[in-house]
Amino acid sequence: MPVAIRQIHPVFVGEVSGVDISQPLSREDAAAIARGMDEFAVLVFHDQKLTDEQQVAFSRNFGEIERSIASNITKMEDRRLSVEMADVSNLDKNQKPLARDSRARLFNLGNRLWHSDSSFRAVPAKFSLLSGRIVADKGGHTEFADMRAAYDGLDEETRSQVEELITEHSLLFSRGKLGFTDYTDEERVTFRPVRQRLVRTLPSTGRKSLYLSSHIGSIVGWPVPEALDFIRELTEHATQPKFVYSHKWRPNDLVMWDNRQTMHRVTRFDETKVRDMRRTTIAGEGPTVEQVQAA
Ligand code: OGA
Ligand code: MN
């Protein structure tokens with residue numbers, strides 16, 4: 001059966017059938033999924049029981065894997081998963097839910113804020129692939145917002161205002177919004193801000209999107225409160241219900257999203273229970289500030 005994609009939200013998100021992603025993909029199937037990503041920006045695959053190795057192998061069809069380093073405060077020796085996997089679970093290396101006051105847990109709560117993965121890196125992420133190994137039975141939904149629809153929905157004046165703006169992104173900014181400010185000097189260096197364009201153009205489709213993220217802490221050349229107020233207003237616009245899909249996880253779902261065209265966040269759940277989610281991330285192709293704007 002060939003790959004088939006059915007749109008499940010009015011503006012984006014496709015549900016994929018006809019493929020077992022634990023097995024090597026044919027070139028045609030990989031191309032169909034890549035085209036689906038360009039078009040739908042989020043793809044949902046059901047009933048895909050994966051090992052970490054199978055998830056990595058499937059991910060490699062879409063580019064180079066971004067190594068999960070310098071993206072959180074968990075030390076190498078405390079990691080539960082290999083560096084090819086971002087650990088998005090609530091677990092420590094002994095597979096136990098993190099304590100309420102655990103520094104790693106409090107830092108990871110930043111995922112409850114709308115963001116685009118690795119927008120705090122000079123070369124930010126292209127795709128993320130999240131596998132739900134053990135899902136929450138209540139809450140713990142992953143919500144997505146279509147940033148192309150959000151861009152298209154701006155009035156003309158705002159569109160010309162945002163066109164050339166450059167923002168600064170850092171994990172220090174997003175975590176600071178929840179009051180997490182306790183860092184070592186080394187972490188402050190690791191998490192120093194990087195610059196990104198506020199409007200991106202997807203090379204393969206020419207579509208523009210708003211590149212927002214809670215990692216944003218300033219707009220270059222603007223007073224900070226004015227910048228953060230403008231970013232807040234744009235974020236409210238971009239995350240209106242009509243642009244948002246909420247994914248309610250079933251065990252063994254894999255959801256794949258384009259960080260250049262969407263934002264996401266996770267909703268609250270009972271953290272005394274295990275939620276084991278594992279992400280592979282595809283590196284982007286270059287810095288966004290040097291992007292050549294489509295005419
Ligand atoms: C992520 C993330 C969402 C979730 O994997 O990048 O933000 O549902 N997690 O845990
Ligand atoms: Mn994320």
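Let's start at the ligand: a polar side-chain atom of His 115 lies 3.1 Å from an oxygen atom of ligand 1. That is a polar contact, a pair of N or O atoms within 3.5 Å; within protein, one must be able to donate a hydrogen and the other to accept it, and residues adjacent in sequence count only if both atoms are side-chain atoms. His 264 also has a polar side-chain atom 3.1 Å from an oxygen atom of ligand 1. For Arg 279, an N or O atom in the side chain is 2.6 Å from an oxygen atom of ligand 1. The protein covers 99% of the 290 Å² of accessible area that ligand 1 has on its own (areas come from the Shrake-Rupley method with a 1.4 Å probe; for residues, only the protein chains shown count as cover).

Before going on, keep in mind that this is a predicted model, where local features need pLDDT of at least 70, side-chain atom pairs count only at pLDDT 80 or more, and totals for chains, interfaces and linings use all residues. Residues are numbered from 1 along each chain as its sequence is written, chains are lettered from A and ligands numbered from 1 in the order in which they are written, and side-chain values use heavy atoms, with hydrogens and water left out.

Now for the wider surroundings. The residues around ligand 1, meaning those with a heavy atom within 4 Å of it, include Val 88, Asn 111, Asp 117, Trp 257 and Arg 275. The shell divides into four nonpolar, four polar and three charged residues. Here Ala, Val, Leu, Ile, Met, Phe, Trp, Tyr, Cys and Pro count as nonpolar, Asp, Glu, Lys and Arg as charged, and the others, Gly among them, as polar.

Next, head over to Ser 174, which is found in helix 6 (residues 171–177); helices are DSSP runs (H or I, at least four residues), strands likewise (E, at least two), numbered from the N terminus. Ser 174 counts as buried because its relative accessibility is 0%, and buried means under 20%, exposed over 50%, partly exposed in between (1.4 Å probe, protein chains only). Its side chain reaches the backbone oxygen of Leu 171 at 3.3 Å and makes a polar contact with the side chain of Arg 175 at 3.1 Å.

Finally, look at two backbone angles. Most residues other than glycine have a negative phi. Ala 70, though, has a positive phi near 60 degrees, and it is placed in the loop between helix 2 (52–59) and strand 4 (86–87). Gln 95 has a positive phi of about 65 degrees, in the loop between strand 4 and helix 3 (103–108). Ala 70 counts as partly exposed because its relative accessibility is 39%, and Gln 95 counts as partly exposed at 42%.
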